[in-house]
Amino acid sequence: MAPPLIGDLYKTSNELFVKDYSSFAPKLEVSANILNGVPAKCTFTQAGDAFKTEIELKKKAYDIDFTSKVDSKGALTLIAENTTHIPNLKWKAEHTLRTATKVTAEYKIKEVSASASYDLSKKAADLSVVGQISSLLVGASTTFTKGFSTPVVKAQYNGEGYEVGAHVTDLGAKFGVSLYQNINSNVSLGVNAEQAGSELALAVGGSFTPDKDTTVRGKIDSKGNIFTMYNQKLSALTTLKLLGQVDTNKLSDGAAHKFGVNVVVKA
């Protein structure tokens, strides 16, 4: 099995410390098959005092997966991707009318994964490669715009029931390490540290899965912020996610805290 792409290294740690807390905007997502089985998804997201709406349709033809997206501002995005035309290669082309065009290629073999993309509107190219030796994975990525940018280097080691990750950017000016440990089949704990110049950011977190339909996650960072996430499958069609962030330094200031509700319905 090929190693993951560089963006997916130490994925379990990222899910614990980053993924669930990237947005607290209330969101409703409804998916269903329409028009002779065409998958469709409609997402409503609160943005300030207004709601942003996005409609997504998917269709497969000639072994190519086509996706079209249109939002409430009229932005139309068309995506085409394929994983079968060339062995081990996935290609993807994405175009947003009048704004951006991007092409991506991903190549995976047993011990190496590589990706390359080019954004025509920004005239920027991204390159990355990940290699694997036993339980150790090491990868690097860089961006070319008007010149060569400093690469990002990442590493991950998978032990029995634990995962250790590290990354370095700006030739060591910024770096971070993380440890993710499975305590048992229901409980996991993690520690994350990020150093940027003289500033050190620490976070500890945990995940509890009492059953297949329920997940509870939380973390606290060195700035005094407490984050929580509760994910519950209410039925075969509906999933509820509750999010919260509390700033312990400003407990009496309601504006300093964040709360969100996400509802996913799959008909």
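How many strands and how many helices does the protein chain have? The protein chain has 19 strands and one helix, where helices (H or I, at least four residues) and strands (E, at least two) are DSSP runs numbered from the N terminus. The model is predicted, so local features need pLDDT of at least 70 and side-chain atom pairs count only at pLDDT 80 or more, while totals for chains, interfaces and linings use all residues. Residues are numbered from 1 along each chain as its sequence is written, and side-chain values use heavy atoms, with hydrogens and water left out.

Along the principal axes, the C-alpha atoms of the protein chain fill a box of roughly 50 × 45 × 40 Å. Of its 267 residues, 30% count as buried (buried means under 20% relative accessible area, exposed over 50%, partly exposed in between; 1.4 Å probe, protein chains only).

Two aromatic pairs were counted, a pair being rings of Phe, Tyr and Trp (its six-membered ring) with centres within 6.5 Å; planes under 30 degrees apart count as stacked, over 60 as edge-to-face and the rest as tilted. The rings of tyrosine 21 and phenylalanine 227 have centres 5.2 Å apart and planes at 50°, so this pair is tilted. Tyrosine 21 lies in the loop between helix H1 (11-17) and strand E1 (27-34) and phenylalanine 227 in strand E17 (residues 225-233), so the pair ties together parts 206 residues apart in sequence. Both tyrosine 21 and phenylalanine 227 are buried.

Tyrosine 157 and tyrosine 162 form a tilted aromatic pair, 6.3 Å centre to centre with 40° between the planes. Tyrosine 157 is partly exposed, at 38% relative accessible area, and tyrosine 162 is partly exposed at 30%.
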